[in-house]
2 protein chains.
Amino acid sequence: MERTPEHEHLHEQDDRRDRQREASTIEKTLALVGDRWTILLLRAAFRGIRRFDDFCADLGIARPILTARLRKLVDAGLMTKEQYQQHPPRYEYRLTPSAIALSPAIVALVRWGDEHLSTEQPATILVHAPCGTKLQQAFWCATCATTFGPTAIRGIPSGPN
Amino acid sequence: MERTPEHEHLHEQDDRRDRQREASTIEKTLALVGDRWTILLLRAAFRGIRRFDDFCADLGIARPILTARLRKLVDAGLMTKEQYQQHPPRYEYRLTPSAIALSPAIVALVRWGDEHLSTEQPATILVHAPCGTKLQQAFWCATCATTFGPTAIRGIPSGPN
DNA sequence: AGCAGAGAGTTCTGATTCAGTACTCATCGA
DNA sequence: TCGATGAGTACTGAATCAGAACTCTCTGCT
């Protein structure tokens, strides 16, 4: 399931290496987050939900799956499991900064869904709180002081090699 | 992305109906896009891949699954299947504007993965092609002409209700 | 005419993972 | 002691995954 860097039996072009590397990190991302529940779970956590049964009720997720998802997120360092009570041991799950850093991605998905998938029901729209303007999400270049679209993005390898 | 300690939710307003409605559209989004392959497929398409066998080779995806994913994306209006040659009928798959609108979400996921999941391998960083500056992703308010982080986002219901 | 080959799939297999109901286990409060 | 609460497990069938092999229609070559 996890694709190790060694596991490149099907690449024939060598300019694929860059892609391969990038793919493997995004593959890891998707292996973590790319299923029907994990994003929903994180979203619930962003709304302040912390306990097992609350997640269960809020999302309508089956318990064994919730157990598995929470464990996976804790293992990945996106949530922590903390005991908030000794005597009957009770735990709560909290987001780590790493998970909070995912919020732009989650917001982008929510926005896209609202704009492209909502049917008869009016979607919630996200606005800039200070002025109430409908949210735009763009890429911002501090050097050029402009926003730009996806066509102006290029990937370059970072680091010493 | 700046984070303020007290802000652990994107927006609260615990109107249950609001949440419920929003959840259902994000659920649809995730049902479409929330699996191990779809995002990877879209990413490949963003890189210019258009043909069945090329997707197959590039992603290492099994053919039946690719068939299913492409069909799902075409049905959802994210891709079009166009015949580019008559005589042996050959098709290619192209992204629609609706899919291109997903790019902020995909970029956000890639970036997050590169920052939080990459191990020893240096991650590819995304840059603004014209000037080479490292990509910032922000929310942009056209009215205020500023960018802002997730803390300044509020959700409001659109339409009646 | 005959045959290899490309492109775009479809049909079969098993192996995994998903999802749901029902159950456990410990503890508290009445 | 009885029941409720919180946090899980066990066990089940359904769906999805991965891979190999197969089909079908043309094209290009000989």
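## Reading exposure

A residue is called buried when its relative accessible area is under 20%, exposed when it is over 50%, and partly exposed in between. A:Arg36 has a relative accessible area of 48%, so A:Arg36 counts as partly exposed. The model shown here is predicted.

Where does A:Arg36 sit? Its place is in the loop between α1 (16–33) and α2 of chain A. Leave aside the neighbours within four places in sequence, and A:Arg36 is in contact with B:Leu30 and B:Gly34.

## Chain A at a glance

Chain A has 161 residues, and 45% of them count as buried. Its secondary structure comes to six helices and six strands. Along the sequence, the pattern reads α-α-α-α-β-β-α-α-β-β-β-β.

Take the contacts in chain A with a separation of 6 or more. Residues 24 or more positions apart account for 39% of these contacts.

## Two helices that cross

Packed helices are described by two values: the angle between their axes and the distance between the axes. In chain A, helix α2 (residues 38–46) meets α4(A). Their axes come within 11 Å and cross at roughly 75°. Angles of 65 to 115 degrees count as roughly perpendicular, so α2(A) is roughly perpendicular to α4(A).

Which residues make the contact? From α2(A) come A:Thr38, A:Leu41 and A:Leu42. From α4(A) come A:Leu66, A:Arg69, A:Leu70 and A:Leu73. By class, the residues of this contact are five nonpolar, one polar and one charged.

## Around DNA strand C

Sugar and phosphate make up 65% of the atoms of DNA strand C that come within 4 Å of the protein.

A polar side-chain atom of A:Arg69 lies 3.2 Å from a phosphate oxygen of DNA strand C. For an N or O atom in the side chain of B:Lys81, the distance to a phosphate oxygen of DNA strand C is 2.9 Å. B:Tyr91 uses its backbone: one of its backbone N or O atoms lies 2.8 Å from a phosphate oxygen of DNA strand C. The elements that give two or more residues to the surface near DNA strand C are α4 of chain A and, from chain B, α3 (52–59), α4, β1 (79–85) and β2 (90–95). α4(B) gives the most, with four residues. By class, this surface near DNA strand C has 11 nonpolar, two polar and eight charged residues.

## Around DNA strand D

DNA strand D has 21 residues around it. A:Arg63, A:Lys81, B:Arg36, B:Trp37 and B:Arg69 come nearest. Of the atoms of DNA strand D that come within 4 Å of the protein, sugar and phosphate account for 65%.

How do the polar atoms line up with its phosphate oxygens? An N or O atom in the side chain of B:Arg69 is 2.6 Å from a phosphate oxygen of DNA strand D. For the side chain of B:Trp37, the distance from an N or O atom to a phosphate oxygen of DNA strand D is 2.7 Å. A polar backbone atom of A:Phe52 is 3.4 Å from a phosphate oxygen of DNA strand D. The elements that give two or more residues to the surface near DNA strand D are α3 (52–59), α4 (63–75), β1 (79–85) and β2 (90–95) of chain A, plus α4 (63–75) of chain B. α4(A) gives the most, with four residues. The classes near DNA strand D are 10 nonpolar, two polar and nine charged residues.

## Two buried residues in chain B

B:Thr96 is in the loop between β2 and α5 of chain B. Its relative accessibility is 11%, so B:Thr96 counts as buried. Beyond its neighbours within four places in sequence, B:Thr96 is in contact with B:Gly77, B:Leu78, B:Met79 and B:Thr80.

B:Ser98 belongs to helix α5 (residues 97–100) of chain B. Is B:Ser98 buried or exposed? B:Ser98 is buried, because its relative accessible area is 16%. Beyond its neighbours within four places in sequence, B:Ser98 is in contact with A:Trp112, A:His116, B:Gly77 and B:Leu78.

Note on methods: Residues numbered from 1 in each chain as written. Chains lettered and ligands numbered in written order. Predicted model: local features only at pLDDT ≥ 70, side-chain atom pairs only at ≥ 80, totals over all residues. Heavy atoms only, no water. Near = heavy atom within 4 Å. Polar contact = N/O pair within 3.5 Å; in protein donor to acceptor, adjacent residues only side chain to side chain. Nonpolar A, V, L, I, M, F, W, Y, C, P; charged D, E, K, R; others polar. Buried < 20%, exposed > 50% of the residue type's maximum accessible area, 1.4 Å probe, protein only. Contact = heavy atoms within 4.5 Å. Axes fitted to C-alpha atoms, helices over the stretch in contact; angles between N-to-C directions. Parallel < 35°, antiparallel > 145°, perpendicular 65-115°, else oblique.
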